[in-house]
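Subject: Handing over a structure, with notes

Dear colleague,

I am passing a structure on to you, and the notes that follow it are meant for someone opening it without any background. Please have it open beside you while you read.

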Amino acid sequence: MTYGDTHGETEFVHTDGTKESVELGSRRFFELADQRFYGWNQHLHSKEGYFTGIFDYQMFRGRRVLEIGCGMGCMAMNWAQQGADITAVDLNPVAIEQTKRRFEVFGLEGNIFEADAENLPLPDDQFDFVYSWGVLHHTPGISAAIKQLRRVLSPGGRVGLMLYNRRSFLYRYTISFAEGWLNLENEFLNELQLASRYGDGAREEGNPHTWPVTESEIRNDLLADFGNVKTRVFGTDVPPILDSFLPRLSQRLSAKKIDQLMQANGWSIWMTGEKPSA
Ligand SMILES: C[S@@+](CC[C@H](N)C(=O)[O-])C[C@H]1O[C@@H](n2cnc3c(N)ncnc32)[C@H](O)[C@@H]1O
């Protein structure tokens with residue numbers, strides 16, 4: 001994800017190859033960035049709104065919702081538009097500047113500030129819903145961060161997190177096998193460094209820290225202090241991985257089998273849980 005560090009022109013390439021220059025922080029900039037973000041997450045939208053496959057906006061209307069790692073503020077904006085009392089934090093000052101700018105441009109109210117998930121400057125027992133999308137696998141102290149989320153949740157409040165899945169085709173085939181083994185990258189990089197470099201599909205950039213999780217880590221460690229824990233794997237990345245590693249097999253698989261593979265081996269896990277009331 002690129003935020004740019006100065007205000008200025010930035011270039012978007014449309015799907016038909018045409019280019020459009022927009023100013024960082026303009027309404028058009030957010031609209032184009034959102035078009036792309038919504039496109040990546042098409043399976044989560046419905047005619048009732050964006051991300052309704054994971055978010056229950058009705059339930060939290062007028063209630064306190066916290067986003068950890070808001071990036072450019074697309075999801076936080078949707079919560080504000082749906083009537084939640086939204087707080088959004090991010091470690092990156094440019095992300096905060098852009099999210100504040102977005103709220104101004106769209107005429108929305110929100111409490112937006114720079115903070116580290118591992119050390120939240122917020123009082124205990126405040127929020128009805130705390131969520132985070134594609135963030136906490138990038139923080140070295142993930143357990144400390146989840147303890148902080150639990151601390152600021154009201155008793156009975158809910159959590160929703162999307163984290164990368166280590167039991168995925170992307171981790172096993174693309175990262176470990178293709179990059180690590182075939183390209184001999186494991187001569188130079190350990191598992192964490194490989195996942196950090198290739199986990200977001202950007203060979204030339206990478207992240208300082210990306211460490212995907214497993215279902216058993218979620219249940220036995222990360223969300224062990226939450227009740228009613230549920231997980232769902234999103235596998236939209238599975239068909240293209242099958243096509244590139246096993247093209248013949250991929251053509252022969254039934255739609256049902258592909259669906260099963262997607263639900264077991266996708267790159268993203270959405271997990272939810274509740275902070276116990278007593
Ligand atoms: C891949 S981006 C996702 C942003 C947004 N959730 C989205 O989906 O567009 C990860 C974001 O998490 C933020 N981040 C990483 N570690 C963090 C931490 N410990 N506390 C707060 N934000 C963090 C980064 O600054 C970045 O904006």
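Ser268 is buried, with a relative accessible area of 15%, where buried stands for under 20% relative accessible area, exposed for over 50% and partly exposed for what falls in between, using a 1.4 Å probe and protein chains only. Ser268 is placed in strand S9, residues 268-274; helices (H or I, at least four residues) and strands (E, at least two) are DSSP runs numbered from the N terminus. Leaving aside residues up to four places away in sequence, Ser268 touches Met162, Leu163, Asn165, Arg232, Val233 and Phe234, contact being heavy atoms within 4.5 Å.

Please keep in mind that this is a predicted model, in which local features need pLDDT of at least 70 and side-chain atom pairs count only at pLDDT 80 or more, while totals for chains, interfaces and linings use all residues. Residues are numbered from 1 along each chain as its sequence is written, and side-chain values use heavy atoms, with hydrogens and water left out.

Turning to the helices, seven of the eight residues of helix H2 (residues 74-81) are buried, so H2 is largely enclosed by the rest of the structure. The buried residues are Cys74, Met75, Ala76, Met77, Asn78, Trp79 and Ala80, and their cover includes helix H1 (27-40), strand S3 (64-68), strand S4 (85-90), helix H3 (93-105) and strand S6 (127-133). Just after H2, Gly83 takes a positive phi of about 90 degrees.

In helix H10 (residues 255-265), the buried residues are Ile258, Leu261, Met262 and Asn265. Seen down the axis of H10, they fall within an arc of 100 degrees, so they line one face of the helix; the arc is taken from the directions that lead from the helix axis to the C-beta atoms. On the other side of H10, Lys256 and Gln263 are exposed.

The largest nonpolar core has 54 residues, of which Phe51, Ile54, Phe55, Trp79, Tyr131 and Trp133 touch the most other members; such a core is a set of buried Ala, Val, Leu, Ile, Met, Phe, Trp, Tyr and Cys residues joined through side-chain atoms within 4.5 Å. Apart from this core lies another, of 30 residues, including Phe113, Leu120, Val135 and Val213. Phe51 also has a positive phi of about 65 degrees although it is not a glycine; Phe51 sits in the loop between H1 and S3 and, at 0% relative accessibility, counts as buried.

Finally, the structure holds 12 salt bridges, each being a side-chain nitrogen of Lys or Arg within 4 Å of a carboxyl oxygen of Asp or Glu. One of them joins Asp124 to Arg151, with the closest N and O atoms 2.7 Å apart, and this pair links distant parts of the chain, since Asp124 is in the loop between S5 and S6 and Arg151 in helix H4 (residues 142-152), 27 residues apart. Another is formed by Lys275 and Asp125, whose closest N and O atoms are 2.9 Å apart. Lys275 lies in the segment after S9 and Asp125 in the loop between S5 and S6, so the pair ties together parts that are 150 residues apart in sequence. Lys275 counts as buried at 9% relative accessibility, whereas Asp125 counts as partly exposed at 41%.

With kind regards
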